[in-house]
Amino acid sequence: MSFFVGLLLYVVVVGILDAKLPWPRPRDPQRRP
Amino acid sequence: MIAGHFGLAAGVKAREPAVPLWALMLATQWLDVVFVPLYLTHVERIEVIGGGPPGYGNGIIHADDTHSLIGALVLSLAFALPAAWRWGRRAAAVLGAVVFSHWLLDLLVHRHDMPLLPGAPAGTPLFGFGLWRWPLVTAAVELALVLWGSVAYLRAAVATARAHDPARLRRARIAAGAVLVSGLLTLGLSVAGL
């Protein structure tokens with residue numbers, strides 16, 4: 001169960017929260033935080 | 001090991017901020033994701049040591065295809081190729097490396113059950129340093145990875161928000177909190193044998 005809970009939390013929940021942050025995009029020229 | 005893989009991926013996000021976190025999290029568990037259908041169809045299996053109920057690290061894992069060295073390399077490539085098409089070569093290389101990191105971390109904890117070749121042909125070596133023989137030490141290693149990844153992610157997320165959109169600082173802290181809480185919850189469930 002821990003595997004599926006972890007996958008749901010990290011891939012879906014945290015993934016959505018993370019996607020709302022102003023990270024550079026993969027094909028952007030390199031910039032570090 | 002489950003939570004430790006997630007912790008490592010969070011740390012990688014801090015170093016490679018352009019790679020989407022969800023993809024890093026999926027990559028770090030890719031070998032186990034592929035293991036699930038093979039387990040359900042009895043192609044791969046877990047042998048519980050002592051015959052009791054399954055618990056934290058008390059199994060010999062016969063994942064002879066997904067967790068063989070060559071199998072892990074093939075699965076890393078299979079994950080990286082579509083990533084290269086979608087996000088470019090650098091992101092693909094990072095994601096492929098994160099997929100393979102699963103094999104390396106598992107090598108530390110598995111009990112001498114990871115083969116070199118898919119199918120574990122007779123006479124070929126098996127690997128695994130067996131840290132699972134000391135569950136508390138293994139849990140401490142996983143906790144250290146979760147804490148390291150969470151702190152690294154927090155620092156990178158806050159720095160990114162501060163530099164590019166200070167209005168999202170609160171969101172950055174919430175996301176980092178979610179990284180930590182998810183890791184602690186996953187580790188807790190794992191150690192409880194759930």
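This is a predicted model: local features need pLDDT of at least 70, side-chain atom pairs count only at pLDDT 80 or more; totals for chains, interfaces and linings use all residues.
I count two residues as in contact if their C-beta atoms, placed from the backbone, lie within 7 Å. On that basis I looked up the interface: 26 residues of chain A and 37 residues of chain B take part. Sorted by class, the side of chain A touching chain B comes to 17 nonpolar, three polar and six charged residues. My classes: Ala, Val, Leu, Ile, Met, Phe, Trp, Tyr, Cys and Pro are nonpolar, Asp, Glu, Lys and Arg charged, and the others, Gly among them, polar.

Residues are numbered from 1 along each chain as its sequence is written, and chains are lettered from A and ligands numbered from 1 in the order in which they are written.

**Chain A**

I found one helix and zero strands here; helices (H or I, at least four residues) and strands (E, at least two) are DSSP runs, numbered from the N terminus. Of the 33 residues of chain A, 30% are buried. For burial I count other C-beta atoms, placed from the backbone, within 10 Å of a residue's own: 20 or more is buried, 12 or fewer exposed, in between partly exposed.

The expected span is 1.5 Å times one less than the number of residues. H1(A) has a kink of about 25° centred on Leu9(A), the bend at a residue being the angle between axes fitted to the seven residues ending there and the seven starting there. Leu9(A) is also one of the buried residues of H1(A), along with Gly6(A), Tyr10(A), Val11(A), Val14(A) and Asp18(A). What do the buried residues of H1(A) pack against? I get H1, H2 and H7 of chain B.

**Helix H7 of chain B**

H7(B) covers residues 169-191; its 23 residues should span 33 Å, and its end C-alpha atoms are 33 Å apart, which agrees. Its buried residues include Ala172(B), Ala176(B), Val179(B), Gly183(B) and Leu187(B). Among the elements covering them are H1 of chain A, and H1 and H6 of chain B. Just after H7(B), I noted a positive phi of about 80° at Gly193(B).

**H2 and H5 of chain B**

Next I looked at H2(B) (residues 21-28) and H5(B) (residues 89-109), whose axes come within 7 Å and cross at roughly 35°. The axes are lines fitted to C-alpha atoms over the stretch in contact, with angles from 0 to 180 degrees between N-to-C directions. H2(B) contributes Ala23(B), Leu24(B), Ala27(B) and Thr28(B), and H5(B) contributes Leu95(B), Val98(B), Val99(B), Ser101(B) and His102(B). I make that six nonpolar, three polar and no charged residues.

Which backbone angle stands out at His112(B), not a glycine? Its phi is positive, about 55°. His112(B) lies in the loop between H5 and strand E3 of chain B, and is exposed because it has 11 other C-beta atoms within 10 Å. Ala120(B), also not a glycine, has a positive phi of about 45°. I placed Ala120(B) in the loop between E3 and strand E4; with 20 C-beta neighbours inside 10 Å, it counts as buried.
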